[in-house]
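Have the model open and follow along.

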Amino acid sequence: MGFGPFLMLDELTPDVALIQALKERWDPECQAFLLSWGHMIPTLEDVVRITGLRVDGQAVTGVTYTSYQEMVERLLGLEVMRERSSLVPRTRLQASLGVADVRHQTGEGQVEYMAWLTVDARAALAEEEGAAADRDLRRFLILVIGKLILGTRGDPVSCRCPPLLEDLTQVGSYAWGAALLTHLFDNLGTSSREIGVAGFFPLLQVWAYYHLPSLGQGVPRRCGAVPLLQRWRFFRDEWSLRRQVTLIHDALDTVPFGHVQWTPYVGEDDATQPWVERGRPYFDRDIWLHCFNTVVPLHHRLVARTLGLHQAVVEFPTRQRSWERPGRSFRGIQQVTDWTVRVREQLDDWERRGKEVVSEAASDEDYFGAYARKYGAQLDPEGQISSLKGILHSTIQQRDDLQAVVDQLRAELDRA
């Protein structure tokens with residue numbers, strides 16, 4: 001079904017500060033991060049290389065219902081939380097797969113934990129056959145899709161996917177990686193007062209590790225491993241969350257343009273990543289992304305530099321929809337909607353693979369000027385202002401450290 005590479009990924013500790021700092025730079029109008037050197041966004045190439053999920057194939061869309069009760073009971077043998085709901089408790093799904101009480105033992109590593117968990121789960125599933133085996137497979141897929149790929153806040157798992165899981169032979173034909181990016185873009189637009197992001201947050205972390213290496217947030221490991229998420233671990237910081245977010249914001253403001261890695265995957269051995277070759281026709285496109293009742297644009301033309309091109313001046317997009325979308329917090333209480341009809345124009349765009357991004361610009365200068373006028377940004381392509389800001393930031397940090405030492409010495413003197 002194409003989930004193999006994704007399911008081999010190791011656990012990545014969440015870098016909450018990095019995710020929050022990036023979220024606070026997200027502009028929902030143009031669906032991109034606003035940074036001192038211009039727009040940046042994760043693209044479909046980032047998704048497929050980092051997660052191993054396919055970004056080609058059928059769009060993840062279809063019909064959304066006012067109630068999923070009948071479908072969940074028929075296909076999964078479970079009950080939804082309420083009649084007019086699309087949510088199933090995570091613990092109930094885990095219990096149905098025989099792994100409800102799984103816990104790490106003291107001193108047990110991730111490899112050992114997954115090894116015996118896999119043995120136990122396979123032993124339980126091996127006892128099933130026919131319709132019962134299909135039911136268990138759908139339960140597992142709902143847990144993977146509804147909690148990881150299209151993750152929700154809190155414990156419940158979204159069950160919008162059963163219509164796509166009814167025919168198990170078709171599950172592998174969907175662009176689950178594109179749906180992951182759609183869901184992530186949509187949730188980045190939530191209030192910055194909400195800590196964290198619903199969705200597959202490790203994509204954002206590893207994307208930043210590759211494109212903004214000077215932030216120093218990730219630690220390389222397992223050179224050559226694929227998908228690329230397996231090559232990184234989180235650099236843990238002992239500062240408070242607010243302090244970490246402030247430091248990352250300061251770093252984002254002082255990263256010289258020349259330190260941004262626009263094409264970090266040059267030289268990758270794509271022969272070991274067949275999922276990359278399959279997704280390549282979608283990499284350099286402006287395209288509409290789909291995830292059921294969520295449809296968002298991927299404005300790749302704003303980041304032509306990821307294609308090795310100079311960034312041309314473009315019309316800065318605004319968020320406009322020709323349809324009304326239900327609320328962000330989906331609970332299945334909207335009208336029954338066939339999204340293949342409701343957003344036919346955007347779905348046709350996906351099936352045509354969008355529009356190729358080209359640029360005839362000889363430099364980025366015109367874009368820098370237009371970006372500064374639009375957002376009031378202070379752009380410093382040569383890094384001179386950024387370097388001065390970096391020195392200032394370092395000096396302020398040294399002053400704060402020295403002040404802490406002075407305060408400690410004064411306290412000792414008072415005790416003496």
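Leu289 stands opposite Val296 in S10. Strand S9 (residues 285-291) and S10 pair in the antiparallel sense over 5 bridges; two strands count as paired if DSSP finds at least two bridges between them. Strands here are DSSP runs (E, at least two residues) and helices likewise (H or I, at least four), numbered from the N terminus.

These strands belong to an open sheet of 3 strands in the order S10-S9-S12, with antiparallel pairing. Its edge strands are S10 (294-298) and S12 (355-356), each pairing on one side only.

The model is predicted: local features need pLDDT of at least 70 and side-chain atom pairs count only at pLDDT 80 or more, while totals for chains, interfaces and linings use all residues. Residues are numbered from 1 along each chain as its sequence is written, and side-chain values use heavy atoms, with hydrogens and water left out.

## The S1-S2-S3 sheet

Another open sheet of 3 strands has the order S1-S2-S3, again with antiparallel pairing. S1 (26-27) and S3 stand at the edges with a single partner strand each, so one side of each has no neighbour in the sheet. S2 and S3 run antiparallel, joined by 3 bridges, and Phe33 stands opposite Met40 in S3.

## Helix H15 across the sheet

H15 lies across S1, S2 and S3, running at about 90 degrees to S3. The angle is taken between N-to-C directions, from 0 to 180 degrees, with axes fitted to C-alpha atoms, for helices over the stretch in contact; contact means heavy atoms within 4.5 Å.

Within H15 (residues 365-375), Tyr367, Phe368, Ala370 and Tyr371 are buried, meaning under 20% relative accessible area (1.4 Å probe, protein chains only). The buried residues of H15 pack against S2 (32-35) and S3 (38-40). Just after H15, Gly376 takes a positive phi of about 70 degrees.

Technical notes. Buried < 20%, exposed > 50% of the residue type's maximum accessible area, 1.4 Å probe, protein only.
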